[in-house]
Amino acid sequence: MASPSVNMGLWFYAEMGRAMKTTVDVSDDLYRRAKAEAALQGRKLKDLVEEGLRLVLETPRQTDRRQSLAGLMKCARGAVDSGVPDLASNPEYLTGFGHDARRHR
């Protein structure tokens, strides 16, 4: 069940100096918490709400696209040294490499 909400009238100041008024419905709990936070900071509630809106609007958006494994591992490349030299540089491991390649085509 949804909690009851409070109609909260706020004044927003536009760039051109005009005052814009709007009504926002918020839950009682959120209203009380915001009002208390504004009081603790010695600010008006409308100033706190305006700051919150600015933070949301000015923060770069995160994409919902999942990052590729290559992108996730980009910073980890070469970060782990197992102590084992590259096997491709050891001639012992390359003996006979590719001899049966035609048979598996």
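User: Why is R33 called exposed?
Analyst: This is a predicted model. R33 has a relative accessible area of 55%. Exposed means over 50%. The value passes that cut-off, so R33 is exposed.

User: What makes D29 and R33 a salt bridge?
Analyst: The side chains meet at 3.8 Å, N to O. The limit is within 4 Å, between a Lys or Arg nitrogen and an Asp or Glu carboxyl oxygen. The pair therefore qualifies as a salt bridge. D29 and R33 both sit in helix α1, four residues apart, about one turn of the helix.

User: Why is D29 called partly exposed?
Analyst: D29 has a relative accessible area of 42%. Buried is under 20% and exposed is over 50%. The value for D29 falls in between, so the label is partly exposed.

User: What follows α1?
Analyst: G42 does, with a positive phi near 70°.

User: What makes E50 and R54 a salt bridge?
Analyst: The closest N and O atoms of E50 and R54 are 2.7 Å apart. The cut-off is within 4 Å, so this pair counts. Both residues lie in helix α2, four residues apart, about one turn of the helix.

User: Are E50 and R54 buried or partly exposed?
Analyst: E50 has a relative accessible area of 15%. That is under 20%, so E50 is buried.

User: Which salt bridge does K46 form?
Analyst: The side chains of K46 and D47 meet at 3.2 Å, N to O. The structure holds four salt bridges.

User: Why is K46 called buried?
Analyst: K46 has 18% relative accessibility. Buried means under 20%, so K46 counts as buried. D47 has 27% and is partly exposed.

User: What makes V56 exposed?
Analyst: V56 is at 62% relative accessibility. The cut-off is over 50%, so V56 counts as exposed. V56 is found in helix α2, residues 45–58.

User: Which residues make up the largest nonpolar core?
Analyst: The core has five residues: A34, A38, L45, L48 and V49. The elements giving two or more residues to this core are α1 and α2. α2 gives the most, with three residues.

User: What does A38 touch?
Analyst: Leaving aside neighbours within four places in sequence, A38 is in contact with R43, K44, L45 and L48.

User: How much of the protein chain is buried?
Analyst: Buried residues make up 10% of the 105 residues. The chain exposes about 10000 Å², and carbon and sulfur atoms supply 55% of that area.

User: What is the order of the elements in the protein chain?
Analyst: From the N terminus on, the order is β-β-α-α-α-α. That comes to four helices and two strands.

Methods: Residues are numbered from 1 along each chain as its sequence is written. This is a predicted model: local features need pLDDT of at least 70, side-chain atom pairs count only at pLDDT 80 or more; totals for chains, interfaces and linings use all residues. Side-chain values use heavy atoms; hydrogens and water are left out. Buried means under 20% relative accessible area, exposed over 50%, partly exposed in between (1.4 Å probe, protein chains only). Accessible areas come from the Shrake-Rupley method with a 1.4 Å probe; for residues, only the protein chains shown count as cover. A nonpolar core is a set of buried Ala, Val, Leu, Ile, Met, Phe, Trp, Tyr and Cys residues joined through side-chain atoms within 4.5 Å. Contact means heavy atoms within 4.5 Å.
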